[in-house]
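The exercises below concern one structure. Try each task before reading its solution.

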Amino acid sequence: MSEQSPLLSQRSRVQPFRVMQMLDLVHRRRREGKSTIMFCAGQPVTGAPEAVLEEAEIALRSGPLGYTEVVGDREFRERIADWHSATYGVQTSADNVIVTTGSSGGFLAAFLATLDPGDYVAMPAPGYPAYRNILEALGARILDLRTGADSRFQPTEKMLRELEHTPKAVIITSPGNPTGTIIDPDELARIARWCEANDCVLISDEDYHGMSFGRPLASARQFSDKAIVVGTLSKYFSMTGWRVGWIIVDDGMVTAIENLQASLALCAPAIGQAAGRAAFTLEAAAELDGHVENYREAREVFVEQLPAIGLGTFADPDGGLYIWVDVSAHTDDSERWAHELLDAKGVAVAPGVDFDPEQGHRWIRLSLCASAQETREGVRLIGEFIDERLNVTRN
């Protein structure tokens, strides 16, 4: 590895996003003709709904796709607002919806609009690594909310009360990444009230909404108009590469975030916004709900078969695209283990250290995006890998 340039800033020295490194390796293996099962990324193998593709064709041929409004195409924002209102029983206005370049652009805009260097931010551990990396680059100080099976791997209001420092912002992710667990609505309500009482911004990552295996999903804006809600077309809507997301904010934040976005991105991709209008149709929903059933089947395979290969401790996922698995009986270096598994068996998993710098070296994250058949084969290969390593150790 080459030495880093002395011209680099301190803020650039964040940890790598190991999931994306693994995904790059998957792409490389497939170019080389090597069979690979991908459990590493939360990327649906399905494409955009047929209604979206049809809308994209119309948009491509109806005229030049220039810049939209900085905050997003008005009709697309109205579709998002109507969907959010109908789904959660709240009054959401298009005026409070800002379309972003994926939810990643939404997080960056929200962090820049609400945080100054040195501010404390509370986030779940384990949690999505990009939060930590972006926040560290911006000079924020992170307060880990250590979760486990006792809290179903979700933060609680009690954890916030026990923090040494009062945070300027709290991040909630439900369904969780990497855990797949859903926060109870009553707990989310308590957290929202605590944030309002302590002048703290609640940022609710709702990227995986639409994907639940029976447990109810609540939006933070059901409990607080001050909460920032983040959403995307990438996950439930099966449009990862289109790079379109959104944030819903209160009136007092719109102008500040609009001004930031004008310089950061100008606008989100116009084709994604134009075609994305059709993502909220009944036709698209019928297709997308079928995908959720596929994720449910993959989940059932993991839950039933992982214990049989020696991986019996995991977060029982309620929704989303992931299962968080304890591999401490087999390794204390999940990153090295993941690379050895990929080389030996062609199965790509996400190293847990990406999501939890303190305890993640004993965990991995698996994705529910593969078919049930491919998931069974992947579990079988992981079992072979574990058995072969145990035999080498014994001999």
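**Exercise 1: a histidine in its surroundings**

His-84 is found in helix 3, where helices (H or I, at least four residues) and strands (E, at least two) are DSSP runs numbered from the N terminus. This is a predicted model in which local features need pLDDT of at least 70 and side-chain atom pairs count only at pLDDT 80 or more, while totals for chains, interfaces and linings use all residues. Residues are numbered from 1 along each chain as its sequence is written, and side-chain values use heavy atoms, with hydrogens and water left out.

Task: Determine whether His-84 is buried or exposed, and list its side-chain polar contacts with Thr-92 and Ser-219.

Solution. 
1. The relative accessible area of His-84 is 1%, so the residue is buried (buried: under 20% relative accessible area; exposed: over 50%; partly exposed: in between; 1.4 Å probe, protein chains only).
2. The side chain of His-84 makes a polar contact of 2.9 Å with that of Thr-92 and one of 3.2 Å with that of Ser-219. A polar contact is a pair of N or O atoms within 3.5 Å; within protein, one must be able to donate a hydrogen and the other to accept it, and residues adjacent in sequence count only if both atoms are side-chain atoms.
3. Leaving out residues up to four places away in sequence, His-84 also touches others, including Glu-206, Arg-221 and Ile-248 (contact: heavy atoms within 4.5 Å).

**Exercise 2: aromatic pairs**

Task: Classify the pair of Phe-76 and Phe-280, and state which parts of the chain the pair ties together.

Solution. 
1. The structure holds 19 aromatic pairs. Rings of Phe, Tyr and Trp (its six-membered ring) pair if their centres lie within 6.5 Å; planes under 30 degrees apart count as stacked, over 60 as edge-to-face and the rest as tilted.
2. For Phe-76 and Phe-280 the centres are 6.2 Å apart and the planes make 50°, a tilted pair.
3. Phe-76 lies in helix 3 (residues 74-88) and Phe-280 in the loop between helix 9 (270-276) and helix 10, so the pair ties together parts 204 residues apart in sequence.
4. Phe-76 has a relative accessible area of 0% and is buried; Phe-280, at 18%, counts as buried.
5. Tyr-128 and Tyr-131 give an edge-to-face pair, with 5.1 Å between centres and 80° between planes.

**Exercise 3: the nonpolar core**

Task: Which residues touch the most other members of the largest nonpolar core?

Solution. 
1. A nonpolar core is a set of buried Ala, Val, Leu, Ile, Met, Phe, Trp, Tyr and Cys residues joined through side-chain atoms within 4.5 Å.
2. The largest such core has 94 residues, and Leu-306 and Ile-382 touch the most other members.
3. Helix 10 (residues 282-305) supplies the largest share of this core, six residues.
4. Another core, of 25 residues, lies apart from it; Met-123 and Tyr-131 are among its members.

**Exercise 4: cysteines**

Solution. 
1. The count is zero disulfides (a disulfide: a pair of cysteine sulfur atoms within 2.5 Å).
2. The closest cysteine sulfur to that of Cys-195 is in Cys-200, at 4.0 Å, which is too far for a bond.
3. For Cys-369 the closest cysteine sulfur is in Cys-40, at 9.7 Å, again too far for a bond.
4. Cys-195 counts as buried at 1% relative accessibility, and Cys-369 is buried with a relative accessible area of 5%.
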